[in-house]
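Please keep the structure open as you go through them.

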Amino acid sequence: MSSKTQGSPDFVQIYAVRTQRHPVTKLFTFSLILEFIALCFNVLHTVKFAADGIGFEGLAVAGDIIDIMSRTLFMLLLLLLAKGWAVTRLELTYKPLVFGIWLAYGIVHILLYVWNTTEVDIIEEIDEYQTWPGWLVLTLRVAIMVWFILELRNTMMYEHNITKLNFLLHFGASSLVWFVYLPIIALIALQISPLWRFKFLLGITYSADCLAYCVMAHLLWPTRSEQYLLLSSSDYTANIEELDEFNESPHVVHGDTIALTTAESVNADDEEVIFSRTPQNGVAFS
């Protein structure tokens with residue numbers, strides 16, 4: 001998968017995040033930009049390596065690390081949406097658990113990369129998912145997938161809005177495919193010749209990630225996501241302040257003031273009656 005293919009949704013998403021400034025959109029755009037940067041680094045290294053047989057080793061390592069960060073950040077976004085954050089609720093519950101699992105997966109994934117580059121001999125006919133850190137990453141990914149399904153199920157049980165339920169349904173189906181593809185591909189790769197195994201894993205991984213990013217960009221497009229994404233707390237407070245300013249505007253105050261008629265003034269004799277608007281009862285007498 002070339003950087004041009006995955007770069008297309010990247011530039012489209014930059015336009016989307018400028019149109020709709022929302023925490024979910026910003027988090028997804030940041031993950032997509034990281035993936036694009038990682039692909040650019042890897043492409044530069046590959047082109048240089050094809051020319052002189054050396055390449056940019058430091059650039060290749062940086063690209064791989066940024067690629068891991070992008071995928072783990074995308075997984076965090078899936079977990080947050082599965083818990084209903086910014087869709088059914090503004091406040092996120094069990095924050096230490098969510099971020100702890102996300103951090104643990106990211107650390108184990110980086111350990112797998114370090115193990116694969118330092119401990120595994122390039123001559124050996126094994127790939128990264130045939131080592132103990134690789135099996136640990138796959139096991140942890142399956143466990144996170146099960147937790148993702150349970151959280152999404154609980155969120156959908158407490159949601160009654162049809163539009164939001166449709167979003168959660170399509171989001172859950174596409175995310176589940178993204179979670180489950182890697183363990184299945186890792187098992188299939190065992191039956192493939194070592195000569196083609198790495199290329200097979202790399203091609204499927206980039207293709208699946210590109211498809212997942214495209215589906216997420218489609219679901220979070222501003223004209224569509226505004227139907228089921230909640231406003232952030234700051235936007236909600238700003239709307240309340242604007243409503244208070246409107247209620248205090250002159251035309252609203254004058255409209256609520258009760259004026260005395262001439263007949264009422266005569267019947268009141270010398271007693272002064274003052275009507276004024278108060279927040280509690282609407283009219284006060286003094």
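Predicted model: local features only at pLDDT ≥ 70, side-chain atom pairs only at ≥ 80, totals over all residues.

1. Helix α4 covers residues 95-118, and its geometry can be checked: at 1.5 Å a residue, its 24 residues should span 34 Å, and the end C-alpha atoms are 34 Å apart, so expectation and model agree.

2. One side of the account of α4 concerns its buried residues, which are Val98, Tyr105, Gly106, Val108, His109, Leu112 and Tyr113. These buried residues pack against two other helices, α3 (57-82) and α5 (132-157).

3. Leu103 also lies in α4, but it is partly exposed, because its relative accessible area of 48% falls between the 20% limit for buried and the 50% limit for exposed. Together with Ile107 and Leu111, Leu103 forms a nonpolar patch on the surface, and the three have about 290 Å² of accessible area together.

4. Is Leu34, in contrast, buried or exposed? This leucine, found in helix α2 (residues 23-52), has a relative accessibility of 11% and therefore counts as buried, the cut-off being under 20%.

5. Leaving aside residues up to four places away in sequence, Leu34 touches Ile66, Ser70 and Leu73. For one of these, Ser70, the separation from Leu34 is 36 residues in sequence, while the C-alpha to C-alpha distance is 5.4 Å.

Definitions and conventions. Residues numbered from 1 in each chain as written. Heavy atoms only, no water. Patch = residues over 30% accessible without salt bridge, like charges linked within 9 Å, V, L, I, M, F, W, Y side chains within 5 Å. Areas by Shrake-Rupley, 256 points an atom, 1.4 Å probe, with all protein chains shown as cover. Salt bridge = Lys/Arg side-chain N within 4 Å of Asp/Glu carboxyl O. Helix = DSSP H or I, 4+ residues; strand = E, 2+ residues; numbered from the N terminus. Buried < 20%, exposed > 50% of the residue type's maximum accessible area, 1.4 Å probe, protein only. Expected span 1.5 Å × (residues − 1). Contact = heavy atoms within 4.5 Å.
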